[in-house]
Amino acid sequence: MERAYFYSSPPTSKNIPSDSERIYFGNEFCEYLIPSEKNLNKALKSALDNGLEFTFLTAYAGDEMFFRYSSLIKMVAELSPGSEVVINDWGLLKTVQKFGLEPVL
């Protein structure tokens, strides 16, 4: 069984349990709680520094948020290729696939 932990703010090595295998980061319920690029970068760095898999959580995305999510998804693809992205909006599916990430519904 995989051990995964959810974070809504970027984790640090100090607050990641030693039995962790994956980090879930983001918010899947409110598009207004979309993380900043800075916080996503910190979360990705924590996962990579600790040898953990990464899953980015996304919420329903209106037009404005869709473009912000697209930028964040591109960042995930560049820093952690093959990561999972939980999508709650069909509009993000093609974006996730375009960047070679693993969509999770």
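A residue is called buried when its relative accessible area is under 20%, exposed when that area is over 50%, and partly exposed in between, using a 1.4 Å probe and protein chains only. By that rule Asn27 is buried, because its relative accessible area is 16%.

The structure is a predicted model, in which local features need pLDDT of at least 70 and side-chain atom pairs count only at pLDDT 80 or more, while totals for chains, interfaces and linings use all residues. Residues are numbered from 1 along each chain as its sequence is written, and side-chain values use heavy atoms, with hydrogens and water left out.

## Overall layout

The protein chain has 3 helices and 5 strands. Helices (H or I, at least four residues) and strands (E, at least two) are DSSP runs, numbered from the N terminus. Along the sequence they follow the pattern β-β-α-β-α-β-α-β. The radius of gyration of the protein chain, 13 Å, is close to the 13 Å that the globule rule gives for 105 residues, so the chain is as compact as a globular protein of that length. That radius is taken over C-alpha atoms, and the globule rule is 2.2 Å times the number of residues to the power 0.38.

The C-alpha trace spans about 40 × 25 × 25 Å along its principal axes. Of the 105 residues in the protein chain, 45% are buried. Among contacts (heavy atoms within 4.5 Å) with a separation of 6 or more, 55% are between residues 24 or more positions apart.

## Strands

Two strands are said to pair if DSSP finds at least two bridges between them.

| Pair | Sense | Bridges |
|---|---|---|
| Strand 1 (residues 4–7) and strand 2 | parallel | 4 bridges |
| Strand 2 (residues 22–26) and strand 3 | parallel | 5 bridges |
| Strand 3 and strand 4 (residues 84–86) | parallel | 3 bridges |

Strand 2 is largely enclosed by the rest of the structure, because 4 of its 5 residues are buried. Phe25 in strand 2 stands opposite Tyr7, and Phe25 also stands opposite Phe56 in strand 3. Gly26 has Leu57 of strand 3 opposite it.

Strand 3 (residues 53–57) is likewise mostly covered, with 4 of its 5 residues buried. From strand 2 the chain passes through helix 1 (residues 37–49) to strand 3, and this β-α-β crossover is right-handed. Right-handed here means that, with the strands pointing away from the viewer, the path from the first strand over the helix to the second runs clockwise. A right-handed β-α-β unit is also made by strand 3, helix 2 (residues 63–79) and strand 4. Thr55 stands opposite Glu84 in strand 4.

## The loop at Asn27

Asn27 lies in the loop between strand 2 and helix 1. A polar atom of the Asn27 side chain is 2.8 Å from the backbone nitrogen of Cys30. This is a polar contact, a pair of N or O atoms within 3.5 Å; within protein, one must be able to donate a hydrogen and the other to accept it, and residues adjacent in sequence count only if both atoms are side-chain atoms. Not counting residues up to four places away in sequence, Asn27 touches Leu33, Leu57, Thr58, Ala59 and Tyr69.

## Helix 2 and Val76

The 17 residues of helix 2 should span 24 Å at 1.5 Å a residue, and the end C-alpha atoms are 25 Å apart, which agrees. The expected span is 1.5 Å times one less than the number of residues. Buried residues of helix 2 include Met65, Tyr69, Leu72, Ile73 and Val76. The buried residues of helix 2 pack against helix 1, strand 3 and helix 3.

Val76 has a relative accessible area of 0%. Leaving aside neighbours within four places in sequence, Val76 is in contact with Leu40, Leu44, Phe54, Phe56, Pro81, Ser83 and Leu101. The C-alpha atoms of Val76 and Phe54 are separated by 8.9 Å, and the two residues are 22 residues apart along the chain.

## Helix 3

At the start of helix 3, a side-chain oxygen of Asp89 reaches to within 2.7 Å of the backbone nitrogen of Gly91. Leu92, Leu93, Thr95 and Val96 are the buried residues of helix 3 (residues 90–98). Their cover includes helix 2, strand 4 and strand 5 (102–104). After helix 3 comes Gly100, with a positive phi near 75°.
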